[in-house]
Amino acid sequence: MTSIILLSIFGIINLFVGFMKSKRILLPLSLLFLAVVFGANLFSWNEAQSYFNHMLTIDNYAVAFTGIMVLATLLLLPFSQHYIEEANENLAEFYSLLLFSLVGAIMMVSYENMLMLFIGIEILSIAMYVLAGSDKRRLRSNEAALKYFLMGAFFTGVLLFGIVLIYGATGSFYLTDIAATAAVNDGTVNAMFTLGLLLLVIGISFKISAAPFHFWAPDVYEGTPTLFTSYMSTVVKIAGVAAFYKLMAAAFAASYAAWFPTLIAITVLTLVVGNIGAVVQTNFKRMLAYSSVSHAGYLLMALVAFNERSDASILFYSLSYALATIVAFAVLQYVSEQRNGDETYAAFNGLGKTNPLLAFAMTVAMCSLSGIPLTAGFFGKLFVFTAVVQDARLMWLVVVAVLMAAVGIYYYFKVVIAMYMQPAADAAKIRIGSFASFMLIFITVFTILLGIAPALVSDLL
Amino acid sequence: MQEIVMPRMNQDMALLCLLIPLLPFIGFLLNGLGNRKFSKGLVGFIGCSTVLVSFLISIYLFLDFKANGSQAYTVDYYNWISAGSLRIGFSFLIDQLTLLMLLMVTGIGFLIHLYSAGYMSHDEGIGKFFSFLNLFMFSMLLLVMGSNYVMMFVGWEGVGLCSYLLIGFWNKNTNYNNAAKKAFIMNRIGDLGFLLGIFLIFITFGSVSYPQVFAEASKLTGLDTPVMIGITMFLFIGAMGKSAQIPLFTWLPDAMAGPTPVSALIHAATMVTAGIYMVIRSNVLFILAPTTLEVIAIIGAATALLAATIGLVQNDIKKVLAYSTVSQLGYMFLALGVMAFSSSMFHVLMHAFFKALLFLGAGSVIHAMSNEQDMRRMGGLRKALPVTFITFLIGTLAISGIPPFAGFFSKDELLAHVFEHNKILWGVGVLASFMTAFYMFRALFLTFFGKFRGPEEQKHHLHESPAVMTVPLIVLAILSTIGGFLGIPEVFGAEHVLGDYLAPLYTYARSINPAAFETGAVSHELEFILMAVSVGVAVLAIIIAYFMYIKKEEVPAEENARLAPVHNLLYQKYYIDELYNSLIVRPVMWLSNAVHRLVDVIVVDGIVNGVGRMVILSGRTLRYAQSGAIGFYLLVMVCSIALILFLNFFIG
Amino acid sequence: MNQIPDIIRTIPLNYYLYFSTALFIIGVIGVLIRRNAIVIFMCVELMLNAVNLLLTAIASYRADTNGQVFVFFIMAVAAAEVCVGLAIIVMTYRNTRSTDVQLLNNLKW
């Protein structure tokens, strides 16, 4: 709760600081705020408490995911350097919107009531609609915002209709009441309940860009300014998956049979579409968009497994995925900025020679995303897969996922090959701030550390 | 696998064990970070010394192990992974097999590092090279020392990655990049099998650590249960990829694009034997699945023969060695398939000696020839490169199975076990052995005998390699000469040192299937006959090679030049030769070429490329669905919703 | 005097359900067939209002204020969405001089 309050206040302070002429102070200030929130959040560990008539509960699950999301924001903000350099007039608003949307994300991982889920999703989404269109003069950014907004609003309607039907069937918005009603009724109350449940599943699937509700993701990710794409594909996705798991575990565990077939179909489709779609991309950013679809698939696998290992697997996978994705987008920002907005693989040619640090960080990130051992991503996948094989009947799903992971290596390593094995077209060295380099090194080391000692995080939940 | 005693609570010991993989890793970090600033000498020193110290520690561990009654033990460091019921410790298992592999990997690794310091001294990327080489050592050591399948997998992936990096080391050449990619992809296919195998092991036994898994497995009754066949087949697919067995073998010859020391270290002596190590390590599981063993034996024999056939017509000296590696690996799998695990390990060890020797010798030749690898441009190098020649000759004698060199003992023992098991497979093995002797001597004769066939100016540049390169050659040559005495057959009245040493590994397996470990089914007379047969075919092959390439000085045809029949006839002095040529040599050559084209290029590459193309094609199709129009997206999504609801309410 | 919930309850709950669903589907169809961004957005609002109506009806039948409070939240959030949405549409209009969504397909494949 302190994190929600602090973030709201800090967001407002940021807006006021925006009145000042110099924008230089904004980044350090925002980082400081986030660090404070990160620290304050930790105080709630093992001190579960409920607020607002039990509509929000800050338990360890909430604290862990809040920690990851705040950390992710903290790690990706330093790469907004170029906004500062070109003295973007709206910088304060951007930072504030990020802080505000984090409030929504936190609500999504700590809700106990559908109302809070809805508000959390909306706080997060509305801020993202704005940020997607934040590059006002670029048509691609406009298009991304409009697409995201129209489709997002549409699926908000679907989600709400689901919530209402559940309410109609059970008479409550509280997860525990819903679970209680469902439990007495064998998990299937009536057709209205099942319909509502399925619409809820569909609504959240859209938010985490699971196929076949992923269509917005590649276009929106590509059009959105890279900094915010990075935020979208990490924080928004993590919040969505965490909310999804919480919803299923707390309210619909008894109705397992009603949503399981649908979810497993969505999962398989997401894995296939995400990975196969990424193979043919020539634009690196768009490839990352498809890759983020595929990672939603791996995360959903943990949900499909639905056992005592699911939450810890989701947590670890989220963290490893977030770290790698942030690096990928950060390096992309630097590269494309120097190469006049070129975001294709070719832009990375020869980066290994000109900028060894960027290239190395990128290589580790790609290894992590494709699940090569000694990086966090390997254990992310390992945990998810072992969670799934607890049920031996789901072995086939692991086979599919492993095959798709092999496809993944193909497109992730395309960029590594470009960096190390292609001659540089533009030999100029890319300039990076020392703080940003430090952050890159930090994330890379963290990724490898988690690959060597995953128990640091995997034991948390 | 025998009973594992509790970890010996000895801090020094734990530190020593940890240092073995850690030192190369430190070398990797130092060389990787400082490769621009360090001088070439320093880079070489860091690279070699770390591995040398690891080797010395391994020797100490080995002696200590012997002194303490040869009891296997685990060294636990920390709780690596814990998630629910899955607990995996970061711990090493020290037993007979581990120590043997350790000695082999670090010992031969050190020699090759030393050699590389000379071989790569002109290359500006030497720092990068040594850091990759050290990283490879680190991964390989993790692979052999780990006490559970996940650690093995981590090392497994690591060596694959390093092999990829090192094959593509001279990355200016696109072909080399393609070779690197091919190696990586083929290895991945195998790795996926391995990974699935690990999951199945976890489901079945509830653990992935060797002591627990094997203890559980030894309690199983009934052979050939579907789950055991599943586990072992998945593991074997993993081994196929890493150890280049049919159908995943084509990457290995292509991998010769890397620098020669890499070929020696990774693609001959150590990494490719990882698959065999894995099977021997899991012998308990494989014993439980005789069907899988049968498959392994057949695939091994087929690989041995096929690769030997292709080896007959290769003109690139490294390609010859590459195909011979594939063929020898086939032998090892053949031995595994007939449950002669110790014999297989024996051959692994001997092969590591002589194949590293041959590769390094070839490297020395290539070094002297300024990177020429085509044997048709060589010849008569005997005088210019005396040390290389003698050591290469020893290596060739060893691989051909001429007594008393290393290969004779191991191959003979291996074939004797195969004979016991299946006469047809034995026949295949002997045939492959005949071809091996032939093409190896063909390579030897073409390279070192006859007249020099390269350009004149190159002739003056020929020079023996520096001492830093010849010393490893000499050491390996000595090992290849005397190494075989580790496993003198029983017939000669000596004890089988290696076999006795490794025997405790099979305690569980023996209790499950005692029949498999019965020895002495072959009478002494028969054993002598078998020996005589294998030596006989080898000598015959050498004589034929001698006549073809020394007496007649035949040089393989250029790719684009066809020998005119008249021209040919003039040079044929004996009609019998001509007959022999057209009846035997030509068809064999033709067949060999055809096999190479058909199996290697069309079938295997075709399947690999075909799958790739299918993925890309479906990706393209999928792309059109992403049309960019909001209306279309919404329509598809609404239809999906409708479909989901329809399926849920009206079908299920 | 009859309370409003009582009046609502004079019609069976099923009718509200059918009506809201119909309204919702009309909204969905509107979203699918219209090309003007503003009209599409209005259709989305129609979907939200269908939800609101159903919430009110159910809340009345169950004599539970939670549902009615939810309606307020939906309205507030919808208002926020309108602000952002119209701003985005205006911004796009400035660049393209059109509100036709079919013209926006630079981002694809």
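These legends walk through close-up views of a predicted model. Local features here need pLDDT of at least 70, side-chain atom pairs count only at pLDDT 80 or more, and totals for chains, interfaces and linings use all residues. Residues are numbered from 1 along each chain as its sequence is written, while chains are lettered from A and ligands numbered from 1 in the order in which they are written.

**View 1. Helix α3 of chain C and what follows.** Helices are DSSP runs of H or I with at least four residues, numbered from the N terminus. Next comes Ala63(C), with a positive phi near 50 degrees.

**View 2. The largest nonpolar core.** Picture buried Ala, Val, Leu, Ile, Met, Phe, Trp, Tyr and Cys residues joined through C-beta atoms within 7 Å; buried means 20 or more other C-beta atoms within 10 Å of a residue's own, with C-beta atoms placed from the backbone. This core has 462 residues, and Met108(A) and Ala356(B) are among those touching the most other members.

**View 3. Around Met108(A).** Setting aside residues up to four places away in sequence, Met108(A) touches partners including Leu117(A), Ile121(A) and Ala239(A). Contact means C-beta atoms, placed from the backbone, within 7 Å.

**View 4. Where chain B meets chain A.** Chain B brings 42 residues and chain A brings 48. On chain B's side, α27(B) gives the largest share, 10 residues.

Note on methods: Helix = DSSP H or I, 4+ residues; strand = E, 2+ residues; numbered from the N terminus. Buried ≥ 20, exposed ≤ 12 C-beta atoms within 10 Å, placed from the backbone. Contact = placed C-beta atoms within 7 Å.
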